[in-house]
Structure formats: structure tokens, C-alpha cells
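Please open the model in your viewer and follow the stops below, selecting each part as it is named.

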There are 2 protein chains.
Amino acid sequence: MGKHIEKWKVLGSRYLIKRPWLTARCDSVELPCGTRLPEYYVLEYPDWVNVIAVTRDGRFVMVEQYRHALGEVSMELCAGVCESSDADPLESARRELLEETGYGGGTWEEWMTLSPNPGTHTNLVHCYVARGVEQVSTQHLDATEDIAVHLLTAGDVVGLLTQGRMRQAMMAAPLWKYVAVNNLL
Amino acid sequence: MGKHIEKWKVLGSRYLIKRPWLTARCDSVELPCGTRLPEYYVLEYPDWVNVIAVTRDGRFVMVEQYRHALGEVSMELCAGVCESSDADPLESARRELLEETGYGGGTWEEWMTLSPNPGTHTNLVHCYVARGVEQVSTQHLDATEDIAVHLLTAGDVVGLLTQGRMRQAMMAAPLWKYVAVNNLL
């Protein structure tokens, strides 16, 4: 209580792996109390984006895909990675929505910024709400993407949340905020 | 639309690193469409827990600590790892709350189960709400833990959320659910 929390000092740093989809660093650090941790692992990622996209007639544009680490098919918000060719995270989110679902247009609002895990991940997640989107093209998927688009009602989305079927933390947070702000329960 | 999403086939698997705080696996996989990904990275972790702990007089027991990957001091829920010596995630959460804050007792409810990231992480996060906790001892921190305990009002917590200062996704999700369910906005 009243204790002042300070940053750690980095004594050394080396990369364990640098691949397109995984960059892991091992830092040697010293805590303010003097304790040294010779191996503190940090995962470096580019920023990520996701979007609560709602059509003019109030349907939520969701994507269903297989998630290999958990070994489950899951219903999710459209999401992706900020590419270096994107001007900003908003452009990344618009691009991902168009590529994964074929939906575009609408009025976009910065909804919240999250950290996947500030202890292990260097990146942030930029979450948007897009209102009034419409289908402007077909999906343009990479060979590695196997995605089914679903248009859900607000009631469907609230049902998925209250039944605990929307488990991805970076998506559950903006959706529960959406439920709270719009008083949907 | 109407497309059936299937699991991937694992053609091979090898560990890149197996350390107490980082276990990374590289799987070679085949998608239902036949596309092969020779390098798909999976991070294996034990399950995690966190808790929205509220005292008898309505104060939220929060912890402030430095998070090295993001490089920021952050205000968070009490959280931790399920140890193999814990009977179940509830015991893990009670143990972490006691160790990190000295608070215990109260009535515990399973609040939600999250996935940190189903594409990369094998584990789940078990979130609890504990009502009526009280200080029963002092903190018992590891040498690696530098944690300040804060007792916040519901208004303080809602303020942190609406100002975007509660960015850890696995904590923002249960807190926004708490706000929605208890109509705190």
C-alpha cells in the first residue's frame, strides 16, 4: 500500500527465435529490490486489430475458424495483424474485415486498446466498432485461411457471451464493453 | 456462409524451447483444403486464474506491478498460474489472492473462462468473482514479485475501464462483464 512500483533494469538480451510468426527474446533483468532474473521471456509481435462490425440492419459480422493451439473451432470477431504497409491500425482493421468477410464501408469508432498480456507480449490490440457496414465484395483469403462468415443478431451475440462461448479474451473484452455501454443484457 | 470448418491434421511436431516460463512447439500441419503449413507455432502454458475480489465494504482488491514485455506499470486483478499442487483452479485463485494481497475468505463464484489466444496458446484462464473477502494475513511474495495492493471503489474501477487504463485483455473481459451484469455504467 503506497509502495512505489518501478521498472526493471535490463542487463542483457538475446533472441531465441526470430521467425515470421514467432519472435522470442530472453532478457536478463534486475528488479528494483536487487533480485536478478537471468531468464525472462518476451514475445515480440506487431500490433493486432479486431472489429465489432454491425450491418445497417443490425447484424454482427462474425467469423468462424479453427484455432489450432486450443484445438477448437471458434466464433470470433474479424481480426488480424497490422502490416507494415498499412497506414495505421484503422486501415489494418478495414483491410482485414474486407479480406476475411467482404464487408466494408460504415462508420468506424476506436473502441478500446488492449494488451494481450503485458507480462509476455510487446504488442497492443486496437479494437474498433464499425456501424453500418455492407457487403462490398467476396472474401479474399490467404491459402492458410479457412473462415466461415456468420451474420448474428445482437441476441445471438449476447447469448454466445452469457453462455461462455466467446472465450477469446481480446474479443470478449470489447464485446462485453459493447453489451455494457449499449445496455444489452 | 454455411461452410463447415474442420480441424487441421498434425503431420509433425517438435519442441523449440522447454523452459519453466516458456514452452514453444512447432507443428507441421495440413489444412482441410490440402494446404500445408510447415511451421505453425504453439505456446504451451498451464492454465491461469484471476479474480475480481471485493471486500465486505465494496472495495476492489487490485494489484499494481511492472509488466516488462509492455514496459509499463499496470493496475490489475490478482492473477496467477495453476500449480500442479493445486487441487483445482479455484484453489489456485484463492492461493494467489492470499499470497499477493493477504486477502481471503468470502464467497467465490466461477465468473467466466477465457482463452488468452486460441491460435497460439494451449491454455485457458479461469476467472472468479469473490465477494466479502477480508485481510487475513500479509503478502507472501516470491523474490521476483514486486506488487502494491490497492483497494479501489466501484467508481474507481469503472473509471479505469472507461479511461482505457485497464488494458490487460484477460482482466478487461471479466471486469466489463461485471460492469454489464451489475449495471455499473
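Begin with both chains: in this predicted model, chain A can be laid on chain B with an RMSD of 0.0 Å by a turn of 180° and a shift of 0.0 Å along the axis, the copies being superposed by least squares on the C-alpha atoms of residues with pLDDT of at least 70 in both. That is the relation of a two-fold axis. The same surface serves both copies, since 100% of the contact residues of chain A recur in chain B (two residues are in contact if their C-beta atoms, placed from the backbone, lie within 7 Å).

Next, colour chain A by its domains, which an automatic or database assignment places at 9-44 for domain 1 and 48-181 for domain 2. The C-alpha centres of domain 1 and domain 2 of chain A lie 31 Å apart.

Now select residues 89-101 of chain A, helix H1, whose 13 residues reach 18 Å from first C-alpha to last, close to the 18 Å expected at 1.5 Å a residue (1.5 Å times one less than the number of residues; helices are DSSP runs of H or I, at least four residues, and strands are runs of E, at least two, numbered from the N terminus). Which residues of H1(A) are buried? Among them are A:Ser92, A:Ala93, A:Leu97 and A:Thr101, where buried means 20 or more other C-beta atoms, placed from the backbone, within 10 Å of the residue's own. The buried residues of H1(A) pack against several strands of chain A, including S4 (48-55), S6 (72-81) and S9 (125-135). Just after H1(A), stop at A:Gly102, which takes a positive phi of about 85°.

Finally, colour by pLDDT, the predictor's confidence in each residue from 0 to 100: the mean for chain A is 95, and 99% of its residues reach 70 or more. Residues are numbered from 1 along each chain as its sequence is written, while chains are lettered from A and ligands numbered from 1 in the order in which they are written. Local features need pLDDT of at least 70 and side-chain atom pairs count only at pLDDT 80 or more, whereas totals for chains, interfaces and linings use all residues.

Technical notes
A residue is buried if 20 or more other C-beta atoms lie within 10 Å of its own, exposed if 12 or fewer, and partly exposed in between; C-beta atoms are placed from the backbone.
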